[in-house]
Amino acid sequence: MKTHTLSVLVENKAGVLSRVAGLFSRRGFNIESLAVGTCEEPNSSRITIVVIGDDAHLEQVKKQLNKLIDIIKVSDITYHDHVARELALIKVNAEAGSTRAEIMQIASIFRAKIIDVGTRTIVLEVTGNTDKIDALEKLLRQYGIKELVRTGRVAILRGAKTVASEK
Amino acid sequence: MKTGARILIESLQREGVNTIFGYPGGSVLPIYDELYDSSIQHILVRHEQAAVHAADGFARASGKTGVCLATSGPGACNLVTGLATAYMDSIPIVAITGQVPTSMLGNDAFQESDITGITIPVTKHNYLVKDVSEISRVVKEAFYIAGTGRKGPVLIDLPKDVNTSQLSAPEEEPGPVVLRGYQPTYRGHARQIEKAIGLLREAERPVIYAGGGVIESEASCELLELAERFGLPVTTTLMGIGAIPCDHPLNLGMLGMHGTEYANYAITECDLLLAIGVRFDDRVTGRIETFAPHAKVIHIDIDPAEIGKNKPVTIPIVGDAKGVLRDMLHLLEKRESNSAWLARIRTWKEKHPLKYRDDGLLHPQFVIQELSSLLDGNGIVVSEVGQNQMWTAQYFCFRQPRTWLTSGGLGTMGYGLPAAMGAQVACPEKTVFDIAGDGSIQMNIQEFGTIAQYDIPVKVAILNNMYLGMVRQWQELFYDRRYSYTELPSIEFVKIAEAYGIRGMRVDSAADVRPALEAAIAHDGPFVLDFRIEREENVFPMVPAGAAINEMIGGHQQ
Ligand SMILES: Cc1ncc(C[n+]2csc(CCOP(=O)(O)OP(=O)(O)O)c2C)c(N)n1
């Protein structure tokens, strides 16, 4: 079992996401994370899907995805050199005083941005790979996390290679 | 200016549609109004499930795409079973449904259902059309998708206001279909085909395992030529029956759960399995680890997702069966004879034929054999689901593709009568029989009304055992004969038929079988035969679920 990152180019049409998500649940494939947004190609979106499974399982996932009419291209970039990022917004308890300073210090070490400061809370924005965000979350837990939201993973190949519709 | 409904009808005509099976309702009224004086024939079924099965039967018998029409909400929902049936068997259908007006979408309006959402898992693709300008393009795409690649059902959902609104600009014929995400591979990879030929040359005990894909790609002739030229025995799936003539010396009949002993033995011992247009379904393979355990596998399929899905494959060939087989025929001149293997198969065939008790009582297998000899390879036979289906698959001699229609993948009781109706409409000159169980026929028996109204001369042969026979068989074999809720009371099907204005005949003895069948065939309208068969007859041989396919009950042990 291995974590795979799929980069999927789809038609930017209503209902595509539910077709994709439905396919995963119906066939018993587990989605770890899914992120979607428009992309460089007109009328297209790119979905980054993280899924866990062995090679045969992944082969089926890819083939079944490819059968959807609105899916233009499926690329498994796991074994290609790529960069991947997630974003998290974390609202943490921060009474004025020493804790607040500590949190700000942690934020700077993790290159997290402080995007809101209230009388009792601070909101941090952090991007990075899953491990980095996990680590920050763990550290902040001691102050009390009031709310945390994370995006799915987005990923892109390094260098000149792309996963565009034409090779 | 044209309305949406008008554009729909014209788009259907452009696709060559001449028959629609449907049922009206509020949201499709604009379409019905257009149909009223159009050249398209509409057949009013009695239940929407029958409309989609009829479109399916029409498609299987003719090779064209079947079309059905239903209203929004309940009408659309009644299509689901039929869509799932067609999806599992890769049958091209375009289903058109009405929808509430776009302004009311998502409001839980009267007779609203999210039919595109509901049918995503049972269609190849579907559309919710939001604007009148999209109709002609969507119809063209839908037919293209349904009838190409791995075929399948496509649904088009049309809100009422889209049908009534007018196109502001004059309508143009849609251009060629461009779908970035849909490019089926038809040509098999040349190098793979060469490698496959290499394996075929070396094989000592080759077997062809052919399925519905051969029928859908119209590859029967190529299959036969390949088999004959190289002495390859052929076994077919339930869906592949008819791809090779039943009485051909190389035909091993059906394999799998109720397959012939010789087919299952041949699969178990073969050293090369040439799988064409099949999907290694569990009803075929039994325990997958013991399916063709000594064989290298060549798998030809238009759908790459089927290759390696259930069984690892030595040589995958993605492509259209017809084209791939042609390419193979070009490359392979003649092959060393594998006469020892063919002789071994012949011995199995002689020693372990399909058989049933010959005691003069009314056995269903006898009914089917009699029908088979009367039709003599002509006509179309449709089945319902259960024992009736398996006996027909085993004992009817099919000689041509598209003459055997059955719900293989989903196993839908109630499929037979409406599908037979559709097939008969597609092929008016042929004798069409629905072979039914007394349980299954009652799932869509209201269609007696349709065949009577339009005088569709379908013949219905009910193998009446007063049980849900196949379930009873499982209860007998695996649940200690505890017949929990599988007994059906005696029903006078002839009277039901008569109430609908259809002729019928009850048959209680073996001696009456032939005259009754002859009477039904001779009658030039629909006809219902109620055969009171041996009640506890079983389908044998049978591979118990989860066993290896050479471990059959009711067969010889090798
Ligand atoms: C719609 C549907 N419901 C239930 C089943 C499960 N099932 C499979 S075979 C069978 C019995 C069929 O009985 P009958 O039509 O009388 O045919 P027989 O087996 O007696 O020939 C049943 C209930 C099914 N295949 N389809």
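**Two chains, seen part by part**

Visitor: In chain B, what share of the contacts between residues at least 6 apart in sequence join residues at least 24 apart?
Guide: In this predicted model, 76% of those contacts in chain B join residues that are at least 24 apart in sequence.

Visitor: How many helices and strands does chain B have?
Guide: Chain B contains 23 helices and 18 strands. Its radius of gyration is 24 Å, close to the 24 Å that the globule rule gives for 558 residues, so chain B is as compact as a globular protein of that length.

Visitor: And what box do its C-alpha atoms fill?
Guide: Taken along the principal axes, the box filled by the C-alpha atoms of chain B is roughly 75 × 60 × 40 Å.

Visitor: Let me pick one piece, helix 3 of chain B. Is it mostly covered or uncovered?
Guide: Helix 3 of chain B is mostly covered, since 14 of its 15 residues are buried. The helix takes in residues 48-62 and reaches 21 Å from its first C-alpha to its last, which is close to the 21 Å expected at 1.5 Å a residue.

Visitor: What comes just after helix 3?
Guide: Just after helix 3 of chain B comes Gly63(B), which takes a positive phi of about 85°.

Visitor: Switching to chain A, in what order do the strands of its sheet lie?
Guide: Four strands of chain A form an open sheet in the order 2-3-1-4, and their pairing is antiparallel. Strand 2 (31-38) and strand 4 (71-76) of chain A are the edge strands, each of them pairing on one side only. From one strand to the next, the twist averages 15°.

Visitor: What holds paired strands together in general?
Guide: Strands of a sheet pair through backbone hydrogen bonds, and the pairing can be parallel or antiparallel.

Visitor: Over how many bridges do strands 1 and 3 of chain A pair?
Guide: Strand 1 (residues 2-11) and strand 3 (residues 44-53) of chain A pair in the antiparallel sense over 10 bridges. For Lys2(A), the bridge partner in strand 3 is Gly53(A).

Visitor: Which helices pack on that sheet?
Guide: Helix 1 (residues 16-26) of chain A packs on the sheet, touching strand 1, strand 2, strand 3 and strand 4, and its direction makes about 10° with that of strand 3. Helix 2 (residues 55-67) of chain A also packs on the sheet, touching strand 1, strand 3 and strand 4, and its direction makes about 10° with that of strand 1.

How values were computed. Residues numbered from 1 in each chain as written. Chains lettered and ligands numbered in written order. Predicted model: local features only at pLDDT ≥ 70, side-chain atom pairs only at ≥ 80, totals over all residues. Heavy atoms only, no water. Pairing = 2+ DSSP bridges. Helix = DSSP H or I, 4+ residues; strand = E, 2+ residues; numbered from the N terminus. Axes fitted to C-alpha atoms, helices over the stretch in contact; angles between N-to-C directions. Contact = heavy atoms within 4.5 Å. Rg over C-alpha atoms; globule rule 2.2 N^0.38 Å. Expected span 1.5 Å × (residues − 1). Buried < 20%, exposed > 50% of the residue type's maximum accessible area, 1.4 Å probe, protein only.
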